[in-house]
Amino acid sequence: MQIDSFLAEDAVSIDVQASSYKKALESIACAISANYPDTKGRDLLKALLERERLGSTAVGSGVAIPHCRVEGVDNITGLFCRLDTAIDYDAPDDQQVDLLFALVVPKDCTDGHLQALAAISEKLNDSSIRNQIRMCKEPKQVYNLLTKQ
């Protein structure tokens with residue numbers, strides 16, 4: 001699965017302010033809910049927080065991939081944000097997180113969910129890509145890095 005199939009260019013933000021992982025998830029939930037009028041931001045936030053309770057979605061190297069399944073969403077939707085300041089996120093390597101790639105998936109979409117997570121993980125596992133993302137001045141540059149093959 002290609003990242004550009006679930007990440008729109010306008011779903012990339014840089015220098016996002018968040019003082020905690022909960023604030024970061026609130027920001028993500030609000031941004032994604034703007035694309036789904038029938039899905040409220042608080043419902044997305046609740047789903048994201050419930051997933052975090054199962055175990056942190058931080059994967060190490062300053063990256064987290066918060067994700068959840070939600071009723072009322074008809075396709076896989078991604079949102080990427082680079083925080084202006086790294087935050088504690090209970091990462092397995094104890095590093096703070098500054099790169100978040102959020103994923104909201106329809107309730108019954110299992111294979112697509114796993115494929116999207118694999119594509120994100122593969123891309124952000126590359127230290128060169130992460131370093132370039134951290135140096136970008138414009139969201140479009142980040143989008144291009146995330147979606148180029």
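**Charged residues in close-up**

Asp 15 is partly exposed, its relative accessible area being 45%, where buried means under 20%, exposed over 50% and partly exposed in between (1.4 Å probe, protein chains only). The model shown in these views is predicted, with local features requiring pLDDT of at least 70 and side-chain atom pairs counted only at pLDDT 80 or more, while totals for chains, interfaces and linings use all residues. Residues are numbered from 1 along each chain as its sequence is written, and side-chain values use heavy atoms, with hydrogens and water left out.

View A. Asp 15 belongs to strand E1 (residues 12–16), where helices (H or I, at least four residues) and strands (E, at least two) are DSSP runs numbered from the N terminus. Its side chain meets that of Arg 82 in a salt bridge (3.1 Å, N to O), a term that requires a side-chain nitrogen of Lys or Arg within 4 Å of a carboxyl oxygen of Asp or Glu. This pair links distant parts of the chain, since Asp 15 lies in strand E1 and Arg 82 in strand E5, 67 residues apart. Arg 82 is buried, with a relative accessible area of 6%. Apart from neighbours within four places in sequence, Asp 15 is in contact (heavy atoms within 4.5 Å) with Arg 82, Leu 83 and Asp 84.

**View B. A pair within helix H1.** Lys 23 and Glu 26 form a salt bridge whose closest N and O atoms are 3.9 Å apart. Because the two residues are three places apart in helix H1 (residues 21–33), about one helical turn separates them. Lys 23 is partly exposed at 42% relative accessible area, and Glu 26 also counts as partly exposed, at 26%.

**View C. A pair between helix H4 and strand E6.** The side chains of Arg 134 and Asp 98 meet in a salt bridge (2.8 Å, N to O). Here too the pair links distant parts of the chain, with Arg 134 in helix H4 and Asp 98 in strand E6, 36 residues apart. Arg 134 counts as partly exposed at 28% relative accessibility, whereas Asp 98 counts as buried at 13%.

**View D. Lys 123, a buried residue of helix H3.** Lys 123 lies in helix H3 (residues 110–124) and is buried yet has no salt bridge, the nearest side chain of opposite charge being that of Asp 126, 7.2 Å away. Beyond its neighbours within four places in sequence, Lys 123 has contacts that include Ile 3, Ile 129 and Leu 145.

Technical notes. Lys and Arg count as positive and Asp and Glu as negative; His and the chain ends are not counted.
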